Every structure is written in structure tokens, then in C-alpha cells.
Amino acid sequence: MSHSSSVNKMKPSWLKVPLPTGKEYFRIRRLLKSLDLVTVCQEAHCPNMAECWGGGTATIMLMGDVCTRGCRFCNVKTGNPKGSLDQDEPIKVAKAISKMGLEYVVLTSVDRDDLPDEGAGHFAKTIRHLKNRVPDLLIEVLTPDFKGRRDCVKIILSAGPDVFAHNVETVERLTPRVRDPRAGYRQSLNVLEMSKEEFPRVYTKSSIMLGLGETDEEVKNTLKDLRSVDCDVVTFGQYLRPRKRHLPVEEYVTPEKFNEWKEYALQIGFLYVASGPLVRSSYRAGELFMKALLRKEGSNGKIIR
């Protein structure tokens, strides 16, 4: 395992990506701008934006761009939104997605500890509007932990998403250093477990960042913990430091190592794994979900929903 002093050099070649191009990418970018919608793809300067948008997937961020938490890996602004919420946002998102012609959408949000239901009702409302407008759309929610509240998890699941995702982000030992004190490794596992207990047919998914100083044994234990709560899909990506005030990168993990983690995760029972230095939790989510579904249903190429 390398130490931070050794990674102050230039990024390795496998982390360099070309600028996004393509007709579909520019069409979706113009549309989002005209509708005044925030995508995580743009906020996080995601390296896979053109690939995902061109393949029919986008990630929409709900409830503003101010988070009530302050994780040390994340570039989203921290503050107190004081209960403010755009009540028309679910309708706006549904309108936008119907115009974008996407097959798959990921709905995510900042943490909203300032709201009585942590924002779960807003998620549910958005899902329902989307389903009314675009009945064939596949919907993944990538949620906060809602302080581990089962009622919030149930509110979202009762609206009928196809995938429930919540990220553990890192191994248990590093969680207090990497995530906000109100987040917790066990709390995140509990949220994924609640989803399976309440709605077993909804696929669950989580994501792990590598390069924060974790050991191989710790990554294996994290994967086993995720399987113990019946998590179906996992993604691995390289942690990249957004700014100086964020945690330093301890190691640039090689593409070969990412492949090893993919193989290991499949061996222990994950339905599908996306693993690579530039993979982010919503990476090509639509294609990933379809493959996982086909494998699980064994339906001779017919998707059973």
C-alpha cells in the first residue's frame, strides 16, 4: 500500500480521459440547461458523462446542491438549506426525462437532515411522476442513509423504483475519517438490509472507493458484509481528491487490481460488478442493471419485470 507522499506525482495514464463529445451528449446538455436541472454527472465533472448519456443513462440530483453533511471525500457544498424545497421539482424532472428519451435514470440527492422525512417523500413523488410520464423507464434511486430510518426507506420503495442503491463508500475502519460523523458503516449496511426486508424483489446496489488507505483484507470483509445483507450489485472506483481541503489520495489502484476485485466480487455472489479507476457509482447504470437482471432471471434474453 502506497502512502500519500508517493502519489503527489502526476496521475497515471489510465486516469486521463478525453473531453466529452457526441451528438447525444450535446443534445442532453442543452436540454438540461434549458430546464434548469442539476445532474451529478455535471456537478462532479464525471469522466463518463458522454458514455452514459450516449447510452441512455443520466443521474439527476434532487433537493438542491447544499448538503447537511460534510463528508471528507465529497465536493458538494455543506450548509443548512433550512427546509427549503422546490415542490415543483418532481414534475420538472419527469418532464425533462420524457424529453431526453432516456431508458434509465438514477435519482440521487444531497443529505437533507433538515427535513422531517429526510427528503424521502420528495424522492417518492419524483418516482411516481416519472412512472406516469415514462412507464417503461427503469429507475434507480441512490439515497442518503436517512439516519437509518426504516419508515423513510419504505416511503421510497413503495413508489416502485427498480433499484435501491446506497453507498458504503469505504471500509469500516476508514468510515469515521472519510464520512460525516452522522453516517456509519453499520447504519449503511442496515439501510440496504431494510430495503431487502421490505421489498425483496427490488435490486440493491452499493459502491466502494479505493485508494483511501484500505487493505485487501478490509475490502474483502466489506464485500462479504454487503453480501450478508443480500446486496446484488457493487461498483468500485478510484478515489480522486476534489480539492486540497479533501482527503489525500493514498494510492492509485491499477486497472489490473480493479479487475481482480471484479472477479472476487462475482465469485462471492454479486450479480453484477462494475470495477475500474474511472467507474462512479452510477456508471452506465442502465446497461449494468439490464445485465444483472438477465443473469438473475435466466430468461433466455427476455427481461421479466
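**Strands, sheet and helices**

Guide: Strands (E, at least two residues) and helices (H or I, at least four) are DSSP runs numbered from the N terminus, and two strands pair if DSSP finds at least two bridges between them. This is a predicted model, where local features need pLDDT of at least 70 and side-chain atom pairs pLDDT 80 or more, while totals for chains, interfaces and linings use all residues. Residues are numbered from 1 along each chain as its sequence is written, and side-chain values use heavy atoms, leaving out hydrogens and water.

Visitor: Which residue is the bridge partner of threonine 59 in strand 4?

Guide: That partner is valine 106. On to the next pair: strand 4 and strand 5 are parallel too, over five bridges, and there tyrosine 104 stands opposite leucine 138.

Visitor: What is the order of the strands in the open sheet?

Guide: The seven strands follow the order 1-4-5-6-7-8-9, with parallel pairing. From one strand to the next, the twist averages 20°, with angles taken between N-to-C directions on a scale from 0 to 180 degrees and axes fitted to C-alpha atoms, for helices over the stretch in contact.

Visitor: Which way do the side chains of a strand point?

Guide: In a regular strand they alternate between the two faces of the sheet. In strand 4, Tyr104, Val106 and Thr108 point one way, and Val105, Leu107 and Ser109 the other. All of these are buried, meaning under 20% relative accessible area, with exposed over 50% and partly exposed in between (1.4 Å probe, protein chains only).

Visitor: Where do helix 9 and helix 10 meet?

Guide: Contact means heavy atoms within 4.5 Å. Asp216, Val219, Lys220, Leu223 and Lys224 of helix 9 meet Lys257, Trp261, Tyr264 and Ala265 of helix 10. These contact residues comprise five nonpolar, no polar and four charged, where Ala, Val, Leu, Ile, Met, Phe, Trp, Tyr, Cys and Pro count as nonpolar, Asp, Glu, Lys and Arg as charged, and the others, Gly among them, as polar.

Visitor: At what angle do the axes of helix 9 and helix 10 cross?

Guide: They cross at roughly 35° and come within 11 Å.
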